[in-house]
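I opened my notebook for a friendly look through one more model. Here is what I looked up, in the order I went.

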Amino acid sequence: MTKPVVVGVDGSASSLDAVGAASHEAAIRGAELRLVHAFGRSSSHLPAGGPPWNPAGSGVRELLDGTLAAAERRARAVAPQVGITRDVTVGEPLVVLEIASRTASLVVVGSRGLGAFSSLLLGSTSGHLAAHGRCPVLVVRGRPNPSGPVLLAVDDSPASEEAVRFAFTEASLRGADLAALHVCRTGSADVYDGPADPPFVTYDETHLREHAEGVLDAALAGPRARHPDVPVVRKPVAGRVRHTLIDASADAQLLVVGARGRGGFRGLLLGSVSQAVLHHAQCPVAVVRHRGEGSAAAEGGEGDHP
């Protein structure tokens, strides 16, 4: 049986958008949808009338019923055939979602929320969920182009291998093209990546393109053979990673990135590039964690910078 799709629910508009996206993901996977609402232990996140350890308390029950009923209505409108379960628990949302990810095929969250969810994907919490989650995390944001490709950020790291497999599967399920993007960083890009970049930079364009083609060949060969139904567009690009990804996301229905990478994508979900993508990408972002990562990722490890 396919593992369920889990979505974090808090009653915000962003959360309802996440429920809609999660419903679609559950439908195309033939999976159950699990609506998860978590109460933080701080009473500031709850209405008056009930303690945080008593979800049946006065006021809290009404809040739950309204929040989860609205989420279920959104889910039914998108995918009426999908089975839905509700899960209400006490705990910090990040911890609850991390635990839920252990038995899920995908965790879906909005980019903004209410109460304990308000900083879910801002600052260090984004790196925490990406580093500790046991399945891919889909962050719903932007205005996706429903007819656009699944955009895949490719490098030559193990993290990228996981992302490539996920992106091919997602493109196949969606009936979409796959746009495989590798950003060739110039020699100056590791030093200059801001508005004060030098106006003239010299680099070997032929060498960069040959390297990019080699990275794409190695990354795409196996998954492409397993998914002959997915049209693939290769995009080797010389430039700066965050700007290139954000610009390319304007025409995509989904951006897929690995949780950790090397070269142009080093520290993608733990540093400034991750923040740029999660804050400014113009379509939803799927974060695929490399299953072989150890404690270094949990502790921040290398590369809290691009």
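The entries below go from the sheet to the helices and then to the salt bridges.

**Entry 1: the kind of model.** I note at the start that this is a predicted model.

**Entry 2: the sheet.** I began with the strand order. I found an open sheet of 10 strands, and reading across, the order is β3-β2-β1-β4-β5-β10-β9-β6-β7-β8. The pairing in this sheet is mixed. Which strands sit at the edges? They are β3 and β8 (232–238), each of which pairs on one side only.

**Entry 3: strand β2 and its partners.** Next I took β2 and went through its pairing on both sides. With strand β1 (residues 5–8), β2 pairs in the parallel sense, over 4 bridges. I picked out two positions here: Val5 stands opposite Leu33 in β2, and Val6 has Arg34 as its bridge partner. Towards strand β3 (residues 84–90), β2 is joined by 7 bridges, and these two strands run parallel. Leu33 turns up again on this side, where Leu33 stands opposite Ile84 in β3.

Is β2 enclosed or open to the outside? I counted it as largely enclosed by the rest of the structure, because 6 of the 7 residues of this strand (residues 33–39) are buried.

**Entry 4: the helices against the sheet.** I followed the chain from β1 through helix α1 (residues 13–29) into β2, and together they make a right-handed β-α-β unit. I then checked helix α6 (residues 205–226). It lies across β6 (150–153), β7 (178–184) and β8, and runs at about 150° to β8.

**Entry 5: salt bridges around Glu25.** My count of salt bridges comes to 12. I started with Glu25, whose side chain meets that of Arg29 in a salt bridge at 2.2 Å, N to O. Why are these two about one helical turn apart? Glu25 and Arg29 are 4 residues apart in helix α1, so about one helical turn separates them. I looked at burial as well: both Glu25 and Arg29 are buried, and the relative accessible area of Glu25 is 2%.

Glu25 has another partner, Arg174, with the closest N and O atoms 2.7 Å apart. Arg174 belongs to helix α5 (residues 158–174) and Glu25 to helix α1, so this pair ties together parts that are 149 residues apart in sequence. I wrote down Arg174 as partly exposed, because its relative accessibility is 22%.

**Entry 6: a pair by β3.** Glu72 and Arg86 also form a salt bridge, and their closest N and O atoms are 3.0 Å apart. Glu72 lies in helix α2 (residues 60–78) and Arg86 in strand β3, so the pair ties together parts 14 residues apart in sequence. Buried or exposed, for Glu72? At 19% relative accessibility it counts as buried, since buried means under 20%. Arg86 is partly exposed, with a relative accessible area of 42%.

**Entry 7: the network.** Last, I checked which salt bridges share partners. They join Glu25, Arg29, Glu170 and Arg174 into one network.

How values were computed. Residues numbered from 1 in each chain as written. Predicted model: local features only at pLDDT ≥ 70, side-chain atom pairs only at ≥ 80, totals over all residues. Heavy atoms only, no water. Buried < 20%, exposed > 50% of the residue type's maximum accessible area, 1.4 Å probe, protein only. Pairing = 2+ DSSP bridges. Right-handed = clockwise from strand over helix to strand, strands pointing away. Contact = heavy atoms within 4.5 Å. Axes fitted to C-alpha atoms, helices over the stretch in contact; angles between N-to-C directions. Salt bridge = Lys/Arg side-chain N within 4 Å of Asp/Glu carboxyl O.
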